Amino acid sequence: MKTLSIDIETFSSENLTKCGVYRYAEAPDFEVLLFGYSADGAPVQVVDLAAGETLPADVRSALTDTAVTKWAFNAQFERVCLSRYLGYPTGQYLDPSSWHCTMVWAATLGLPMSLAGVGAVLGLDKQKMSEGKDLIKFFCIPDKDGNRHHPKVHPGKWELFKSYNCRDVEVEIAIQQRLAKYPVPNFVWNEYHLDQQINDRGIGVDMELVRHAITINEDIKNEITAEIQALTMLDNPNSVQQMKEWLAENGMETESLGKQAVKELLETAPPELAKVLSLRQQLAKSSVKKYDAMLSSHCIDDRIRGMFQFYGANRSGRFSGRLVQLQNLYR
């Protein structure tokens, strides 16, 4: 085996968008449900891990064999999740040097960074199945009550989900074939592998400081809210509509309470209104949101991983920030 194209479907109670794949895969209930693959371009096979099926020995061996090139769309997700599936502890992951990412390949050519988007732009014969979003929501995410939908209870939907998994691998392979005349230079793959090492290592975070900062911020917000309520008698000082009505009643009309609009209002506002607007400005500060992001995304060893997206700006090739957004730290 020289190449292995992979797509997996997983379950976790963690919110992937907010916490990132490293924290997502650490959840106690994390599970790889389906493993779709094609070895050396052969017809796609789907292994139903949720039903107790196991990976063929050669496929399982290929995951750790650096001589076999593994392909996936957003390969970081597959690599990190499969590291957990194989029993790797936090902080140790499958060697990225033998992984290539179809999403990165598409990005280097200015194509969308989504499987459906690339397939549509390239006009592939087989497209990502539109039912996939609903099926992922049904099988991969707990419902609003925290309950999980199991395949055995919904066999019809599960078979459709397996078809969806199979189709994703087929679309990924079709993208590789369509882009074959425009290969990614080796130096870019080397940079990608370095990026993956950086993301795997992450950065250490003082979580005690983070939790105390969030607590202090909540205390300050409560104090400011109480002060504004005392000055305005509003039920909810955070309500834009209530605040605009209160300002209008006190002789100051405004269409917006955005940062720039409030700054301009403060230039002419009488002292009593300026006081309220200044307090509201303090309530709107967003700097503490990074602490919330740290709380949501830190791993069990108090490191945050996956904070950079390689080729995130696909016209310039620069990295983009994810989760805590380290590129935008306050001075």
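This is a predicted model: local features need pLDDT of at least 70, side-chain atom pairs count only at pLDDT 80 or more; totals for chains, interfaces and linings use all residues.

Reader: How many helices and strands does the protein chain contain?

Author: The C-alpha atoms of the chain fill a box of roughly 75 × 45 × 40 Å along the principal axes. Within the chain, the secondary structure comes to 13 helices and 9 strands.

Reader: What percentage of the residues of the protein chain count as buried?

Author: The chain exposes about 17500 Å², and carbon and sulfur atoms supply 50% of that area. A residue is called buried when its relative accessible area is under 20%. Of the 331 residues, the share that counts as buried is 45%.

Reader: Among contacts between residues at least 6 apart in sequence, what share joins residues at least 24 apart?

Author: A contact requires heavy atoms within 4.5 Å. Among contacts in the chain between residues at least 6 apart in sequence, the share joining residues at least 24 apart is 67%.

Reader: How far apart are the mean positions of the positive and negative charges?

Author: The chain carries 36 positive and 42 negative charges. The distance between their mean positions is 4 Å.

Reader: Is Arg167 buried, partly exposed or exposed, and which residues does Arg167 touch beyond four places in sequence?

Author: The relative accessible area of Arg167 is 25%. Buried means under 20% and exposed means over 50%, so Arg167 is partly exposed. Leaving out residues up to four places away in sequence, Arg167 touches Lys126, Gln127, Lys128 and Met129.

Reader: Which helices are linked by the salt bridge between Lys275 and Glu227?

Author: The closest N and O atoms of Lys275 and Glu227 are 3.4 Å apart. The pair links distant parts of the chain, 48 residues apart. Lys275 is partly exposed at 42% relative accessibility, and Glu227 is partly exposed at 34%. Lys275 lies in helix α12 (residues 271-283) and Glu227 in the other helix, so the two helices are α12 and α9.

Reader: How many salt bridges does a search of the whole structure find?

Author: Some of the charged residues are linked in a network of salt bridges, namely Asp48, Glu159 and Lys162. Over the whole structure, the number of salt bridges found is 10.

Reader: Is Glu172 buried or exposed?

Author: Glu172 is placed in helix α7 (residues 155-178). Beyond its neighbours within four places in sequence, Glu172 is in contact with Ile6, Asp7, Ala72, Phe73, Thr102 and Leu115. Its relative accessible area is 1%, so Glu172 is buried.

Reader: What separates the C-alpha atoms of Glu172 and Glu131?

Author: Glu172 and Glu131 are 41 residues apart along the chain. Their C-alpha atoms are separated by 17 Å.

Reader: Which residues are in contact with Asn199 beyond four places in sequence?

Author: Asn199 is found in helix α8 (residues 186-201). Asn199 counts as buried because its relative accessibility is 1%. Leaving aside neighbours within four places in sequence, its contacts are Tyr22, Gln76, Arg305, Gly306, Met307 and Phe308.

Reader: Which helix supplies the largest share of the negative patch?

Author: The negative surface patch is formed by Glu218, Asp219, Glu223 and Asp292. One of these, Glu223, is exposed with a relative accessible area of 56%. The largest share of the patch, 3 residues, comes from helix α9 (residues 207-232).

Terms used
Residues are numbered from 1 along each chain as its sequence is written. Side-chain values use heavy atoms; hydrogens and water are left out. Patches are made of residues with over 30% relative accessible area and no salt bridge: like charges are joined within 9 Å, nonpolar side chains (Val, Leu, Ile, Met, Phe, Trp, Tyr) within 5 Å. Accessible areas come from the Shrake-Rupley method with a 1.4 Å probe; for residues, only the protein chains shown count as cover. A salt bridge is a side-chain nitrogen of Lys or Arg within 4 Å of a carboxyl oxygen of Asp or Glu. Lys and Arg count as positive and Asp and Glu as negative; His and the chain ends are not counted. The place of a charge is taken as NZ of Lys, CZ of Arg, CG of Asp or CD of Glu. Helices (H or I, at least four residues) and strands (E, at least two) are DSSP runs, numbered from the N terminus. Buried means under 20% relative accessible area, exposed over 50%, partly exposed in between (1.4 Å probe, protein chains only).
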